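Hello,

Here is the structure we talked about handing over, with the sequence alongside. My notes on it follow below the display.

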Amino acid sequence: MPDFATLRSHAARLADTPVVRLLQDDPERARALSLRVGPLYANFARQRYDGAALDALYALADQAGFAAAMRRLLDGETVNATEGRAALHSALRGNASAAPFSRECSAQAAQARTRMRELVDAVLAGGVTDVVSVGIGGSDLGPRLVADALALPGAPVRVHFLSNVDGNAARRTLVGLDPAKTAAILISKTFGTQETLLNGAIVRDWLGDDARVYAVSANVERAAAFGIAPERILPMWDWVGGRYSLWSAVGFPIALAIGMDRFEALLAGAAELDAHAVEAAPRENLAFLHALTALWNRNALGLATQAVLPYDERLRLLPNYLQQLVMESLGKSARLDGAPLDEDTVPVWWGGPGTDTQHSFFQALHQGTQVVPADFIGVVRSEDGFEGNHRALLANLLAQTEALANGQASDDPHRAYAGNRPSTLLLLDALTPQSLGMLIALYEHSVYLQSVAWGINAFDQFGVELGKQVANRLLPALEGKAEADDAVTRVLLAEIAARA
Ligand SMILES: O=P(O)(O)OC[C@H]1O[C@](O)(CO)[C@@H](O)[C@@H]1O
């Protein structure tokens, strides 16, 4: 069993030793606590552990079996035990495994990519100027993030994303688009998601032409029943989880936005990180240290939230994407064997892009009573043509991590900064398909390794089902055809009916 108690004893020992002191005591620390994998550099020197605490963390990685767990994941073993499935997102993007099932899945994914390339060419050749991608959760957030981050000005098609069941979202998405020059992609692993079916029907009817409606789904029958021709349906499989699926045909909108070659470079970047996470020695393994840092902040320091702060406008959607990846994966309170957990699991993930957020919530990061660990993410090379702005962006990024850690004393308590606020800095040499693929894969593996330490399943999401079931039961009540069971809901329905 992983020994979290020892971590807490190290945290208690270090309670009066701020990071500034750790840095003074060890002149090598700033350099030693950094790792590089290709274009991705990470610095952990401003986290609140010392050498002995790190030894305890690596011992925990050993007790939890991080290395074997990485191998099980990539080999396609049934890591999603509550649903009896593998989680083979790594097989979608090259493959660091020789296991037969993993290889077979890779081959299926390669075939699907060939079809996807043909469909990308067909859409681009058809005079389409706009594509509406309809999906939600894992069938939306990944493509939305990557298309937003990597689309180049002057791309042949603009990709729009429609997720919310609120009809205002559909109205706003379609306004200004020409149905004759628009294609739609309905993305749903199950093809049973209420939001996607309702929005998909709106877009299909608005297009008035089924020939430009495409689907990505693991449920081809349901997609076909919706009226989508089989040659326009790309496959998904049960061995790919929704929030791990942007590397599959779910990435069709990405390929349209950035081109199929750059989509494949994204996959190659992720595959490089896969190989690193499964092959690198524990102390050189970036996924290990990222996961161990998260466990340290949550279980040793007891920090209840985690911020993610991309200092790059192109990564502004990363916090939204990571909220699903991390919180849907790790928001669990039962162990794999059903036993209740002794340790707290996922902190609340939140964040937003710098420098905007400096002028909104950073006050609380610097002087609030809660310590919030943060992942800062920056990009070294500017590609925006505004060098002065980029220098200002980097200066702000470096300044914030420094100020949060070092603080500043003052006789005036209102003007004092306590410091000792932990952060990790992730720096990409440039924002490219390769480096973004690596960054996302790093978070995927860090999440998985945290789940391994806690003994939970990172790949199910039963917690989202209850609300969906209740909403379905309430639909007839909203039409006045049934009574709600719940007393408060009955009062609320009466209020809605009176004001409708
Ligand atoms: O792709 P589907 O089946 O429409 O599901 C969409 C999303 O709904 C969820 O099941 C729950 O929110 C996510 O895990 C998933 O990504």
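Asn-420 is buried, because its relative accessibility is 15% and the cut-off for that class is under 20%. Its backbone is worth a look as well: Asn-420 has a positive phi of about 60° although it is not a glycine. The residue sits in the loop that runs between helix H16 (387–406) and strand S11. Please keep in mind that this is a predicted model, and that the values here are computed from it.

Phe-191 is another non-glycine residue with a positive phi, in this case near 55°. Phe-191 lies in the loop between strand S5 (182–187) and helix H9 (194–207). With a relative accessibility of 3%, Phe-191 falls under the 20% limit and therefore counts as buried.

There is also a cis peptide bond, which leads from Gly-354 to Thr-355 and has an omega near 10°. Thr-355 belongs to the loop between strand S9 (348–351) and helix H15 (362–367).

Now the strands. S1 and S2 make up a hairpin with two residues between them. In the turn of that hairpin, Gly-38 has a positive phi of about 55°.

The last item is a helix pair. How do helices H5 and H13 pack, in angle and axis distance? Helix H5 (residues 66–75) and helix H13 (residues 286–300) are at an angle of about 120°, and their axes are 12 Å apart. The crossing of the two is right-handed. On the H5 side, the contact involves Phe-66, Ala-67 and Met-70; on the H13 side, these meet Phe-288, Ala-291, Leu-292 and Leu-295. Of the residues in this contact, seven are nonpolar, and there are no polar and no charged ones.

Regards

Terms used: Residues numbered from 1 in each chain as written. Predicted model: local features only at pLDDT ≥ 70, side-chain atom pairs only at ≥ 80, totals over all residues. Heavy atoms only, no water. Pairing = 2+ DSSP bridges. Helix = DSSP H or I, 4+ residues; strand = E, 2+ residues; numbered from the N terminus. Axes fitted to C-alpha atoms, helices over the stretch in contact; angles between N-to-C directions. Left-handed = near helix turned anticlockwise from the far one by under 90°. Contact = heavy atoms within 4.5 Å. Nonpolar A, V, L, I, M, F, W, Y, C, P; charged D, E, K, R; others polar. Buried < 20%, exposed > 50% of the residue type's maximum accessible area, 1.4 Å probe, protein only.
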